[in-house]
Amino acid sequence: MIEIDNVTKRYGERLVVNHLSLTVPAGGFCVLLGSSGSGKSTTLRMINRLTAIDSGAIRVCGEDVRDVPAEVLRRRMGYAIQSIGLFPHWTVEENIATVPRLLKWPRPRKRDRVTELLELFRLEPERYRSKYPHQLSGGEQQRVGVARALAADPELLLMDEPFGAVDPITRDALQRELEQIYRATAKTIVFVTHDIEEALRLATQIAILHEGQIAQLGSPLEILERPANDFVSEFVSRQGLGLKLLSVRRIADRMRADATAEGEPLLVDTPLREALSVMITRRVERLPVCDIGGRKLGVITLADLVR
Amino acid sequence: MTAPEPMRVGRSLASPLLWVGLLFAALLLRMDELRPVLHWAFPGVSPVVYQRSNFLALFLSHLGLVAGASVAATAVGVALAVFVTRPAGNDFRTTVNAIAAVGQTFPPAAVLAITVPIVGFGAQPTMVALFLYGLLPIIENAVAGLEGVPPAVREAAVGLGLSAWQQLRDIELRLAAPMILSGIRISVTIAIGTATIGSTVGALTLGTPIFNGLVANKLPFVLEGAVLVALFAILTDMLFARVERWAQQRAKLPISETDR
């Protein structure tokens, strides 16, 4: 879907992105993870040409991004940023409908799409549609910002630390909503963050960037279990490693199908970390597991967690 | 609870705009009625009310000069501000500001002295002087307004795929509108006062009775002209204040589909 092929960007003498190559498959959720100055935002911004590519090429669906007029390209990709940038003189509805308007959708279609998106983000359409950005809380503004990015149903969504400026509780809710949207729509997402927990939670693929190069590329589990070098192991931090591992593994990985247990069952795709938390609060060592339809599948035990 | 209609009437009756407007219109059309008062105040002066042309004609000519110069200054000033806030025009920013500042520091009388030999006597040199004089506040305010657009808003506009023209028209100019208007307001108010000097080179303005009165030593003429010019300036300023408030509200208000 996205091929970043040997791309370089320099600002004056400084090499910000250094011969970087990365392929994100269609439907993948790729998190570019790194500290500030690692080149992660620059890499993202080269995909929709907000930053010019010095050398190398970026192809989306096989097409070089420089062969498409910048505005056409950007209207095909959703774009959400930390500072949100809602247009203050437009209502929530007009903000969300920005790209559909640029694409000249008929009015009823725009309206329906706005309603659909507001519902997706649990913002009651009739209450929120005609509000102005200054009347919204930070979390609501960011929801509208992401809704605006999704408005024209782009195949590709680019997100630059979108949840970096909201409080932890709101961030947790927004992450959960994004997870749900990702699972429901199978969009390809490229997501920039410096927050390792956020990366582990959301990504199917993490690229750890350091000095404009990829220090390691892999699934969250691979990054945690087999850090490729000292930089990566230091970055992901040994501290709390066990809990981090539990948070990227799910009950399905460790479940026993041949037993039963008492109590309220957990969903089979619950992270193991959550299962541990439930065991501690219920003071039990075994929990029943079910699928989304409520069918009992087996048990997860404390011993399975540390196996 | 409260009936809205009487409230609105009450508010418009209390509005100073209405009373200043009525006073201005009354003096403009009925200055003759003050003849007994002026005779009493200035015994021995005759005629006591300026007669050579009527005040309405002077006002309309004055208004035409100011409007013409201000429309031109607004068009040129906003265009220059847009130009110097684009990446391509950034290098010209200091130059444009410097030229506009020189235009402002030049005394209007000096502009007249220079332009009269070129374009002759009458309305044209006055128009040129007012135009040059009015440019700076418009450019300064428009540049400040355009640069005041938050970087995040700009970034989102580009990232979502608005063209340069759409960014300017739908985002930047909308958000800068209140600032641009306040620049025009300053410029126009200055122009109304400055236009009186045009009478020295043959333009018909409300300054004509003032200069006539000074030359002929007839104080009532000076007074009549000065009061009318002052009321004209105050009235215009009040009108602009209204429009500005409306624009500020509008900067947060929906833009109807037909505007797009």
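Reader: Before we look at particular residues, what makes a residue count as buried here?
Author: A residue is buried if 20 or more other C-beta atoms lie within 10 Å of its own. Please keep in mind that this is a predicted model.

Reader: Fine, so why does B:Glu224 count as buried?
Author: B:Glu224 has 23 C-beta neighbours inside 10 Å, and therefore it counts as buried.

Reader: Which helix is B:Glu224 found in, and what does it touch?
Author: B:Glu224 is part of helix α11 of chain B, which covers residues 219–250. Leaving aside residues up to four places away in sequence, B:Glu224 touches B:Met31, B:Val49, B:Tyr50 and B:Pro209.

Reader: How many residues apart in sequence are B:Glu224 and B:Met31?
Author: They are 193 residues apart in sequence, while in space their C-alpha atoms are 8.3 Å apart.

Reader: Staying in chain B, how do α4 and α7 cross?
Author: Helix α4 (residues 55–84) of chain B and helix α7 (residues 123–147) of chain B have axes that come within 7 Å and cross at roughly 35°. The crossing of α4(B) and α7(B) is right-handed, and the residues of their contact comprise 21 nonpolar, 6 polar and no charged.

Reader: Switching to chain A, how is it divided?
Author: Chain A has domain 1, spanning 2–240, and domain 2, spanning 249–306. Taken over C-alpha atoms, the centres of these two domains of chain A are separated by 33 Å. In secondary structure, chain A has 15 helices and 13 strands.

Reader: And what radius of gyration does chain A have, against a compact globule?
Author: Chain A has 21 Å, which agrees with the value near 19 Å that a compact globule would have with 307 residues. Along the principal axes, the C-alpha atoms of chain A fill a box of roughly 60 × 50 × 35 Å, and buried residues make up 39% of the chain.

Reader: Which residues of α12 in chain A are buried, and what do they pack against?
Author: In helix α12 (residues 241–248) of chain A, the buried residues are A:Lys244, A:Leu246 and A:Val248.

Reader: Last topic: how many residues of chain A are in contact with chain B?
Author: There are 19 residues of chain A in contact with 16 residues of chain B. On the side of chain A that touches chain B, α2 (70–75), β6 (77–81) and α4 (98–102) of chain A each supply at least two residues. By class, that side of chain A has 9 nonpolar, 6 polar and 4 charged residues.

Key:
Residues are numbered from 1 along each chain as its sequence is written. Chains are lettered from A and ligands numbered from 1 in the order in which they are written. This is a predicted model: local features need pLDDT of at least 70, side-chain atom pairs count only at pLDDT 80 or more; totals for chains, interfaces and linings use all residues. Domain bounds come from an automatic or database domain assignment. Helices (H or I, at least four residues) and strands (E, at least two) are DSSP runs, numbered from the N terminus. The radius of gyration is taken over C-alpha atoms; the globule rule is 2.2 Å times the number of residues to the power 0.38. A residue is buried if 20 or more other C-beta atoms lie within 10 Å of its own, exposed if 12 or fewer, and partly exposed in between; C-beta atoms are placed from the backbone. Two residues are in contact if their C-beta atoms, placed from the backbone, lie within 7 Å. Ala, Val, Leu, Ile, Met, Phe, Trp, Tyr, Cys and Pro count as nonpolar, Asp, Glu, Lys and Arg as charged, and the others, Gly among them, as polar. Axes are lines fitted to C-alpha atoms, for helices over the stretch in contact, and angles run from 0 to 180 degrees between N-to-C directions. A crossing is left-handed if the near helix is turned anticlockwise from the far one by less than a right angle, and right-handed if clockwise.
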